[in-house]
Structures are given as C-alpha cells and as structure tokens.
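Subject: Structure for you to look at

Hello,

Here is the structure I promised to pass on. Please open it and keep it beside you while you read my notes below.

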Amino acid sequence: LLIDITTTFAVISWKKEAYRIMIADKIKNARTIKKLTQEQVAEDLNVSRQTISNWENGKSLPDIVSIIRMSELYDLRVLLKVTVRYCLKVQLSCLPA
C-alpha cells in the first residue's frame, strides 16, 4: 500500500510539473510570436516584468484572470484551455476564491 501511495504522489507531481512546463512554454511562445517584450506584456496585464519572466520559466503560474487576459492579448484559446484544465485537474489554487 505504501508503494502505491508513493507511486501515486510521484505521478501527480510529475503531471503538475509537465503541465507547468507546457503552460510556461505556451506563454513564452505566444509572446514571441506576437513580437512583444516582457515589458510590453507586463504593462498590458498590469503586472511586473519579473512576473512575466516567472510565468515563462515555470517558476510560478498566472492566476485565471491573467490567463484570460493573455489569451485575449495573444488571441490564443489553446493557452486558456490548457491552463484551465490544469487548474481544474491538478492545482485549484490558480482559481479565485
């Protein structure tokens, strides 16, 4: 039973990391395709440039409001879909209380 629980937690942890990396890549790729700087996006989203960097490097995730705004800014429904799926299945903390 202990091995099963340990394996389950390892799989959950791996899935969270995989989603985090996928979301970070989509955020960075969308910005570079639109030829925007981190500073420009930060200003549009009303966050710091460091926050954008953290999102793009997978150090943190944007909240759901920022995700929606980025999806609109980048015209990227895939970002919204993948990130909301992550929030609902893996980590609910990115949804507002």
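The side chain of Glu56 makes a polar contact with the side chain of Gln38, at 2.8 Å. Keep in mind that this is a predicted model.

Start with Glu56. This residue lies in helix 3. Is Glu56 buried or exposed? Its relative accessibility is 6%, and buried means under 20%, so Glu56 counts as buried. Which residues does Glu56 touch, leaving aside neighbours within four places in sequence? They are Ala24, Ile27, Lys28, Arg31 and Gln38.

Helix 2 covers residues 38-45, and helix 3 covers residues 49-56. They pack at an angle of about 110°, and their axes are 8 Å apart. Angles of 65 to 115 degrees count as roughly perpendicular, so helix 2 is roughly perpendicular to helix 3. Helix 2 brings Gln38, Glu39, Val41, Ala42 and Leu45 to the contact. Helix 3 brings Arg49, Ile52, Ser53, Trp55 and Glu56. By type, the residues of this contact are five nonpolar, two polar and three charged.

Last, the whole protein. It has five helices and zero strands. Along the sequence the pattern reads α-α-α-α-α. There are 97 residues, and 32% of them count as buried. Take the contacts with a separation of 6 or more: residues 24 or more positions apart account for 62% of them. The protein exposes about 6,400 Å², with carbon and sulfur atoms supplying 57% of that area.

Best wishes

How values were computed: Residues numbered from 1 in each chain as written. Predicted model: local features only at pLDDT ≥ 70, side-chain atom pairs only at ≥ 80, totals over all residues. Heavy atoms only, no water. Axes fitted to C-alpha atoms, helices over the stretch in contact; angles between N-to-C directions. Helix = DSSP H or I, 4+ residues; strand = E, 2+ residues; numbered from the N terminus. Parallel < 35°, antiparallel > 145°, perpendicular 65-115°, else oblique. Contact = heavy atoms within 4.5 Å. Nonpolar A, V, L, I, M, F, W, Y, C, P; charged D, E, K, R; others polar. Buried < 20%, exposed > 50% of the residue type's maximum accessible area, 1.4 Å probe, protein only. Polar contact = N/O pair within 3.5 Å; in protein donor to acceptor, adjacent residues only side chain to side chain. Areas by Shrake-Rupley, 256 points an atom, 1.4 Å probe, with all protein chains shown as cover.
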